[in-house]
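Please look through the structure shown here with its side-chain contacts and its surface in mind. The briefing is arranged by topic.

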Amino acid sequence: MNINSTLFGEIISFLLFIFFCMKYIWPPIIDYINKREKKIYNAILSVEKAKNELSKTKIQILNEINETKKTCKLILDKAKKNKIDILEETKLEIIKEQKKIIKESNLKIKNEYEVTKEKLRKETVLLVIHCLEKVLNQSMDTNVNKKIVNKFISSLKKYDIYA
């Protein structure tokens, strides 16, 4: 056994092994690595694209939120204004109704006052007649009767019954 021939055999075996690996094993591995590299590259591009879309979407959402806030504020301001208008309108209607009720009440009071005043006049007249009948029945002295009647009439004038 010679070292040179063994070494030469091993070199030839190794070269055959390298040739075999380069011919049959190396290309599928390189293809797989290239495909994997493309997938990773595409994934990185997708992530970058998604980041860009996400930032755009965030900006768009913030803009929409701001617009919505403005719209809500406008709606609330309009609702407050409508509330104030409705309250003012209702207040005016209540004041009108109040005046109407007061006017009607005053008319009723006036009418009742007139009716009561008339009743009192009638009752007073009846009382005067009744008193006169009693006075006339008790005495026939005209001077005394006149004094009593005049005194009674002056007392009635004091109470403003015939005013």
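What follows covers a salt bridge, an aromatic pair and a nonpolar surface patch.

The model is a predicted one.

**Salt bridge**
- The partners are Lys81 and Asp85, whose closest N and O atoms are 3.5 Å apart, and this separation qualifies because the criterion asks for a distance within 4 Å.
- Both residues belong to helix H1 (residues 3-138), where they lie four residues apart, about one turn of the helix.
- Lys81 is exposed, with a relative accessible area of 52%, whereas Asp85 is partly exposed at 38%.

**Aromatic pair**
- The ring centres of Phe20 and Tyr24 are 5.3 Å apart and the ring planes meet at 45 degrees, so the pair is classed as tilted.
- Phe20 and Tyr24 are four residues apart in helix H1, a separation of about one helical turn.
- With a relative accessibility of 42%, Phe20 counts as partly exposed, while Tyr24, at 53%, counts as exposed.

**Nonpolar surface patch**
- Phe20 and Tyr24 also take part in a nonpolar patch on the surface, which they form together with Met22, Ile25, Trp26, Ile29, Ile30, Tyr32 and Ile33.
- Taken together, the residues of this patch have about 960 Å² of accessible area.
- Ile33, one of the patch residues, is found in helix H1 and counts as partly exposed, its relative accessibility being 43%.

Key
Residues are numbered from 1 along each chain as its sequence is written. This is a predicted model: local features need pLDDT of at least 70, side-chain atom pairs count only at pLDDT 80 or more; totals for chains, interfaces and linings use all residues. Side-chain values use heavy atoms; hydrogens and water are left out. A salt bridge is a side-chain nitrogen of Lys or Arg within 4 Å of a carboxyl oxygen of Asp or Glu. Helices (H or I, at least four residues) and strands (E, at least two) are DSSP runs, numbered from the N terminus. Buried means under 20% relative accessible area, exposed over 50%, partly exposed in between (1.4 Å probe, protein chains only). Patches are made of residues with over 30% relative accessible area and no salt bridge: like charges are joined within 9 Å, nonpolar side chains (Val, Leu, Ile, Met, Phe, Trp, Tyr) within 5 Å. Accessible areas come from the Shrake-Rupley method with a 1.4 Å probe; for residues, only the protein chains shown count as cover. Rings of Phe, Tyr and Trp (its six-membered ring) pair if their centres lie within 6.5 Å; planes under 30 degrees apart count as stacked, over 60 as edge-to-face and the rest as tilted.
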